[in-house]
Amino acid sequence: GDAALLVILEECGRMHHYNTMELHWRDGLQCPTEAEYISMVDGKTGSGFRVVTRLLLAKAAPDHSSQLAQCLLQFTDEFGRFFQIRDDYMDLVSEEYSHKKGGCGSDLRSGTWSYPVVSCVQQHPETKSLFLSEFDPDHAT
């Protein structure tokens with residue numbers, strides 16, 4: 001009904017907002033912080049999982065406690081983080097897995113700030129210029 005449509009529209013809007021944030025970082029050659037990256041994952045990848053959880057809660061347990069809902073939504077966010085960070089990692093290390101995405105290192109070639117790259121830059125700021133030169137040859141030193 002109307003409640004389900006509202007859930008779907010809210011999560012789709014959230015997903016598009018955070019997808020735009022990721023594109024802004026990529027196109028602007030701006031490395032997010034780890035906290036910003038996790039927030040983006042919660043909004044982008046996590047929304048795909050959240051919509052299912054929210055729809056199930058609305059249908060299966062309309063009188064559910066807010067504590068149960070919060071617990072399930074928090075678990076859903078954690079699962080989305082796991083899913084995305086694993087995807088980022090496998091893109092770098094698994095030929096078989098990354099073949100589905102266009103080859104090993106496809107995130108690097110597309111200039112996407114994946115979690116391993118963001119973490120590396122946060123822990124070793126001197127590596128940022130290396131990634132920028134990989135993402136955009138005009139930034140090569």
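Phe82 lies in helix H4, residues 66–93, where helices are DSSP runs of H or I with at least four residues, numbered from the N terminus. Phe82 is exposed, with a relative accessible area of 51%; exposed denotes over 50% relative accessible area, buried under 20%, and partly exposed in between, with a 1.4 Å probe and protein chains only. The structure is a predicted model, in which local features need pLDDT of at least 70 and side-chain atom pairs count only at pLDDT 80 or more, whereas totals for chains, interfaces and linings use all residues. Residues are numbered from 1 along each chain as its sequence is written, and side-chain values use heavy atoms, with hydrogens and water left out.

The largest nonpolar core has 15 residues, of which Tyr37, Met40, Trp113, Val117, Val121, Phe131 and Phe135 touch the most other members; such a core is a set of buried Ala, Val, Leu, Ile, Met, Phe, Trp, Tyr and Cys residues joined through side-chain atoms within 4.5 Å. Helix H1 (2–27), H2, H7 and H8 each supply at least two residues of this core, and H2 gives the most, with four. In helix H7 (residues 115–123), Val117, Val118, Ser119 and Val121 are buried, and the buried residues of H7 pack against helix H2 (34–43), helix H6 (106–110) and helix H8 (128–135), contact being defined as heavy atoms within 4.5 Å. Cys120 is partly exposed at 24% relative accessibility. The sulfur of Cys120 is 9.2 Å from the closest cysteine sulfur, that of Cys31, which is too far for a bond, and the structure holds zero disulfides, a disulfide being a pair of cysteine sulfur atoms within 2.5 Å.

Nine salt bridges are counted under the rule that a side-chain nitrogen of Lys or Arg lies within 4 Å of a carboxyl oxygen of Asp or Glu. Arg54 and Glu10 meet in one of them, at 2.6 Å from N to O; because Arg54 lies in helix H3 (residues 45–60) and Glu10 in helix H1, this pair ties together parts that are 44 residues apart in sequence. Glu11 forms a salt bridge with Arg50, the closest N and O atoms being 3.4 Å apart, and this pair likewise joins H1 to H3, across 39 residues in sequence. Glu11 is buried at 3% relative accessibility, and Arg50 is buried at 14%.
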